[in-house]
Protein chains: 2
Amino acid sequence: MSATFNSVDPRTGLPGASYDEASTADVEAAVAAAEQAFAHPALRERGTRAAMLRGAAARLRAAGDEIVATAEAETGLPEFRLRSELERTAGQLEAFAAVLDAGDYVDAILDSPDPDATPIPRPDVRRMLVPIGPVAVFGASNFPLAFSTAGGDTASALAAGCPVVVKGHPSHPGTGELVAREVRGAVADAGLPEGTFAHLLAAGIEVGEALVDAPAIAAVGFTGSTAGGRAIADRAAARPNPIPVYAEMGSINPIVVTDAALAARADAIADGLVASVANFGGQLCTKPGVVFVPGGAAGDAFAQAVAARLDETEPTVLLNERLRDALDAAVDRLAETEDVRPLGTAAPFSGDGYRHQPAAYEAPAAAVATGSPLLEEHFGPVVLLLRYLDRDELLGAVGRIEGQLTGSVHAQPEDDAELLGLLTDLLAARAGRLVYDGFPTGVAVTHGMHHGGPYPATSAAGHTSVGMTAIRRFLRPVAWQNAPAAVLPPELQDDNPLGIWRRLDGELTRDPVPS
Amino acid sequence: MSATFNSVDPRTGLPGASYDEASTADVEAAVAAAEQAFAHPALRERGTRAAMLRGAAARLRAAGDEIVATAEAETGLPEFRLRSELERTAGQLEAFAAVLDAGDYVDAILDSPDPDATPIPRPDVRRMLVPIGPVAVFGASNFPLAFSTAGGDTASALAAGCPVVVKGHPSHPGTGELVAREVRGAVADAGLPEGTFAHLLAAGIEVGEALVDAPAIAAVGFTGSTAGGRAIADRAAARPNPIPVYAEMGSINPIVVTDAALAARADAIADGLVASVANFGGQLCTKPGVVFVPGGAAGDAFAQAVAARLDETEPTVLLNERLRDALDAAVDRLAETEDVRPLGTAAPFSGDGYRHQPAAYEAPAAAVATGSPLLEEHFGPVVLLLRYLDRDELLGAVGRIEGQLTGSVHAQPEDDAELLGLLTDLLAARAGRLVYDGFPTGVAVTHGMHHGGPYPATSAAGHTSVGMTAIRRFLRPVAWQNAPAAVLPPELQDDNPLGIWRRLDGELTRDPVPS
């Protein structure tokens, strides 16, 4: 008899449906099937993979009502957000299909032979990216769709040609199962082997550990806490054959507000900040956790405005009991930290379900030290305003921030050109994305979007988990030297039958190799 | 008083000049200077970096006689090889300068804003690659120039804009010092800060460990043994902030010879193989360690021809005592392995210096199991011929090979089309470079050359240590969202002032952003 666990409605704390816990035998079976699928010729056809991704998108949209209703009951996220997230998830699958249509994601490079080259003759070298092998994906708690079962990690790995074994997040098992049903359907519709995609559910950690340890797994995608991501990265690094872990982890997403910006549009910034902090319970990797606000009267008024708006916001539903407990504990620690004072007056939430009263705190920027508790992440609707008295205090504190997903600046370019340059340099050195006069939440899925950053924001600063270049995580180069035409993949053949962009003797071109 | 160590002439075993051992204080000072240099605006100017790389190349050529003579005495490698390696090293520095001229290595991607995009409005997103920070480079024993002080790791890291701290290999300290002198000269000539480049010498492991641990080091490049590379990768993974290690490690570089190829050109293959195995003491990462040879009379004759030619080859000089001892031990283990028999009759080397008699051994391919001692690397002029009786035995044995830098096939395409396809698939799944009707040694430096492969050939299968894409190891993406023009790097500005290739709304173009 297998173990089971229940979903929980975080709005009430009441249990929902029961789900079978996957076993380590299930992990073995899924990975073995994935390994077989990886060797299947159908998975190498980019047209087949594109059709599967588009099929999955269409199926997810068709099953949208059922998926959204289930996700609502499992996460407490509002319907409009989940509908938007479903569309984003479907659109992401389709965007990767378009990347396959274009075909140049393989980064083909062809070098002509040159028998007279020095110091040694140059052979014919043709290189492209190929899929690395079966990929393990850990679904996120906070994005039941876009960063979970058929989210960005899964979409980009499947697009690359890598079978995927998902460890679904136990906070939204029913949602995961519904999405997995549709992906399996799309895999079957496209004529791909069953092992192309698997979805395992478990509340414990053994299944995830077995997945990271499975010899045939070639890489891991993860979205979650720094502690969770680091544990997986450490485990993967200790394997007999270490594998890369692409973990998108914690971030406090600092925002800087300059004097000039405050003078020009304090109200609009306060509105945007409150939405960015409190929407969806502040449970976003890109939620701003610290905001640098000038000292003085204008800054005081801004801080009071933010606090008042957060006070007026209803307590927000958190995803599960563990997150709620962790947030409560982290906020208690913050409130007790020297130099920190609460800005609002709303009472803490008490009642049914897992909720938290949105709140702002304040501390002097001068108190920020490297590794300071003031720079800890609070995953939920909480923000810390760091008040700076002058430019040196601001730049000094920003310079003590560790790796981040994002860094934002609200400034008036006319007034603050030099400051803006200095802040840009400081933030570019420690963040993956710089946002100007805006807020980091709401990550658009575009070709060039970068959702990553230096440790501890991620475990692999060279890569992104959002945007079209996310596919590169699951590819590796192979070079063919003096290969007969018959063994060359179409991407590398003389006549460029796919018409893709290639680098030929250093120049980008769609032309065939001159004969 | 600081510790010292001596270089050793491996041709005689006699000590040469004495060198000061670097201290961990020297590591701290070098890394601190590198961190300062990384923040220096001059290092961000790609023209300045290109001038520095070209200056280093010119200086190395000008000092060629001195460098080659020193390297000859420290490594026992022949003058013609060292002159070729020096030219390769200089050419590599210049090739990276050309990459900087072209400028599109930053992989610029620009996405236009779209307020009507669903499910959320799309901002203006511009993304490019930026340097990651100071890089530690471990010089290799076997390439005193091309994979050492100013070798590919150093050249690509400096090209990327990352300061470099080299831990020179103690097998060729004088060579390293001379090369470092020229690089320092080129750094000064270009007006770059002194901390851009440092060279530390040590015979012990403490300096290397301190370098890997140094908080400001952002990545490590390494060429050497699997044990050495793995130790560094493990250490880097255990840092408070883990960093990537690009270690190019062991490989047995399997070669398959088909019946048809043997029938067509056994003699030429034997000649090429013997050179590839024995040249430069067989001390190349790409030296073929195992060759799959058909059973039967033609294969027997081939095996005898290879053995006879190796017997006729003079004992080759090995780089140092440690390598010699390791090779002797590994060959003893091989000779004592069940199913293995020696093919040649030459006596083992005895005499002055560190040398080894080139030799071939033979075993049945059917005896190859996963993790078999038959698939161990022997770093030196030794090759194991694996005799296969039929296609299944061949494909079965090749399928048990772990990650490799290269895999080669000698075949006649007309006769072996299906076999060639199967071998290509098997080798592409486990090797970074496939060589047809040739030998893997002699890695040309080209745009698309790939010198990498799945573990244990490297610690990072997604990257290469040779070829122009090696620069990607030392870059990470940053995205600018809705950024004012004043803060955008030239690569991302509307009018494309550098004229580089960029991906604009998904399409590659050199055009400016339409206004």
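Okay, quick one on how we line up copies: they're superposed by least squares on the C-alpha atoms of residues with pLDDT of at least 70 in both. Do that here, and a rotation of 180° with 0.0 Å of shift along its axis puts chain B on chain A, with an RMSD of 0.0 Å. The two copies are thus related as by a two-fold rotation axis. In chain B, the residue that comes closest to that axis is A237(B), at 3.4 Å for its C-alpha.

Before I go on, some housekeeping. This is a predicted model: local features need pLDDT of at least 70, side-chain atom pairs count only at pLDDT 80 or more, and totals for chains, interfaces and linings use all residues. Residues are numbered from 1 along each chain as its sequence is written, while chains are lettered from A and ligands numbered from 1 in the order in which they are written.

So, how many residues of chain B are in contact with chain A? It's 62, against 62 residues of chain A, where contact means C-beta atoms, placed from the backbone, within 7 Å. On chain B's side, β19(B) gives the most, with six residues. (Helices, H or I of at least four residues, and strands, E of at least two, are DSSP runs numbered from the N terminus.) That side divides into 32 nonpolar, 19 polar and 11 charged residues; Ala, Val, Leu, Ile, Met, Phe, Trp, Tyr, Cys and Pro count as nonpolar, Asp, Glu, Lys and Arg as charged, and the others, Gly among them, as polar. And 100% of the interface residues of chain B are also interface residues in chain A, so the copies meet through the same surface.

Strand β18 of chain A, residues 431-436, pairs with β19(B) in the parallel sense over three bridges; DSSP has to find at least two bridges for a pair. R433(A) stands opposite A479(B) there.

Now the loop between β18 and β19 of chain B, where A460(B) lies. Is A460(B) buried or exposed? Buried, because A460(B) has 22 C-beta neighbours inside 10 Å; the cut-offs are 20 or more other C-beta atoms within 10 Å for buried, 12 or fewer for exposed, and partly exposed in between, with C-beta atoms placed from the backbone. Leaving out residues up to four places away in sequence, A460(B) touches P244(B) and Y246(B). Its C-alpha is also 9.9 Å from that of A233(B), 227 residues apart along the chain.

Definitions and conventions: Contact = placed C-beta atoms within 7 Å.
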